[in-house]
Amino acid sequence: MSSNGSAGPYEPKYKDPLSRVDNFYIIESTLREGEQFANAFFTTEKKIEIAKALDDFGVDYIELTSPAASEQSRLDCEAICKLGLKAKILTHVRCHMDDAKMAIATGVDGLDVVIGTSSFLREFSLGKDMDAITQQAIEVVSYIKSQGVEVRFSSEDSSRSDLVDLLNIYKSVDKIGVNRVGIADTVGCANPRQVYELVKTLRGVVNCDIETHFS
């Protein structure tokens, strides 16, 4: 909106009834994505410094590397959880029960769980069909919910996944109370229109929040 309350020049003339653009949260992933860059290395002290700075800035969520990645990652996750920040602390884990249990034990506020859904990942990484993947997702998400922490379920390589497969697995986890579902353009192949159509379609079939991730 412009300063006088009228619509700005780049805003749509008519409001999309499915839009929730006025109600969003910032999930900051420097302490996960940032660690994946070549030659990147954060000491525990530096991670704490970054987490405090992000909290002062006012982000809603701070996402950390999976505790299952290394013993140091697990210890760092515990240390940041003990800081008493205003921001909620999340960690990004595989959709696997062992990862979920380890992450919950660190004291995080929520888990971001991910599993591949594209035909490429199912064939060459997971070796599972969509029925098996959906059942695994339901079991892991149900366990996390039973422990009283937030959970986001994300499909890896969403942009190259079959739309029917995506909608079915998202609806399945939505029914059991997932807080958010995530769309990930893992390899950076989606164009803006494709993203718009996917989010709009998904908004029509799930009640939970929707999270997006772009490469």
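1. Let us start with a definition: helices (H or I, at least four residues) and strands (E, at least two) are DSSP runs, numbered from the N terminus. Counted in this way, the chain has 8 helices and 7 strands. The model is a predicted one, in which local features need pLDDT of at least 70 and side-chain atom pairs count only at pLDDT 80 or more, while totals for chains, interfaces and linings use all residues. Residues are numbered from 1 along each chain as its sequence is written, and side-chain values use heavy atoms, with hydrogens and water left out.

2. Next, the chain as a whole. A residue is called buried when its relative accessible area is under 20%, exposed when over 50%, and partly exposed in between (1.4 Å probe, protein chains only). Of the 215 residues in the chain, 40% are buried. A contact means heavy atoms within 4.5 Å. Take the contacts between residues at least 6 apart in sequence: 71% of these join residues at least 24 apart.

3. Have a look at helix α3, which spans residues 71–81. Which of its residues are buried? They are Ser73, Asp76, Cys77, Glu78 and Ile80. The cover over these buried residues includes α1 (30–33), α2 (44–57), β2 (61–64), β3 (88–94) and α4 (97–105).

4. Axes here are lines fitted to C-alpha atoms, for helices over the stretch in contact, and angles run from 0 to 180 degrees between N-to-C directions. The axes of α2 and α3 come within 10 Å and cross at roughly 40 degrees. Angles under 35 degrees count as roughly parallel, over 145 as roughly antiparallel, 65 to 115 as roughly perpendicular and the rest as oblique. The helices α2 and α3 are therefore oblique to each other.

5. The crossing of α2 and α3 also has a hand. It is left-handed if the near helix is turned anticlockwise from the far one by less than a right angle, and right-handed if clockwise. α2 passes α3 in a right-handed crossing. On the α2 side, Thr44, Lys47, Ile48 and Ala51 meet Gln72, Asp76 and Ile80 of α3. This contact divides into 3 nonpolar, 2 polar and 2 charged residues; here Ala, Val, Leu, Ile, Met, Phe, Trp, Tyr, Cys and Pro count as nonpolar, Asp, Glu, Lys and Arg as charged, and the others, Gly among them, as polar.

6. Now follow α4 to helix α6 (residues 130–146). Their axes come within 10 Å and cross at roughly 15 degrees, which makes α4 roughly parallel to α6. The crossing of α4 and α6 is right-handed. Met97, Ala100, Lys101 and Ile104 of α4 meet Glu139, Val140, Tyr143 and Ile144 of α6. By class, the residues of this contact are 6 nonpolar, no polar and 2 charged.

7. Where is aspartate 129? Its place is in the loop between α5 (119–126) and α6. Aspartate 129 is partly exposed, with a relative accessible area of 46%. A polar atom of its side chain lies 3.3 Å from the backbone nitrogen of aspartate 131, and one lies 2.9 Å from the backbone nitrogen of alanine 132. Aspartate 129 and threonine 117 are 12 residues apart along the chain, with their C-alpha atoms separated by 8.8 Å.

8. Is arginine 152 buried or exposed? This residue of strand β5 (residues 150–156) is buried, because its relative accessible area is 5%. The side chain of arginine 152 makes a polar contact with the side chain of glutamate 211 (3.0 Å). A polar contact is a pair of N or O atoms within 3.5 Å; within protein, one must be able to donate a hydrogen and the other to accept it, and residues adjacent in sequence count only if both atoms are side-chain atoms. Not counting residues up to four places away in sequence, arginine 152 touches residues including Glu63, His92, Asp112, Arg180 and Glu211.

9. To finish, helix α7 (residues 163–175) packs against helix α8 (residues 192–203). Their axes are 11 Å apart, at an angle of about 40 degrees, which makes α7 oblique to α8. Leu163, Leu166, Leu167 and Tyr170 in α7 meet Leu198, Thr201 and Leu202 in α8. This contact has 6 nonpolar, 1 polar and no charged residues.
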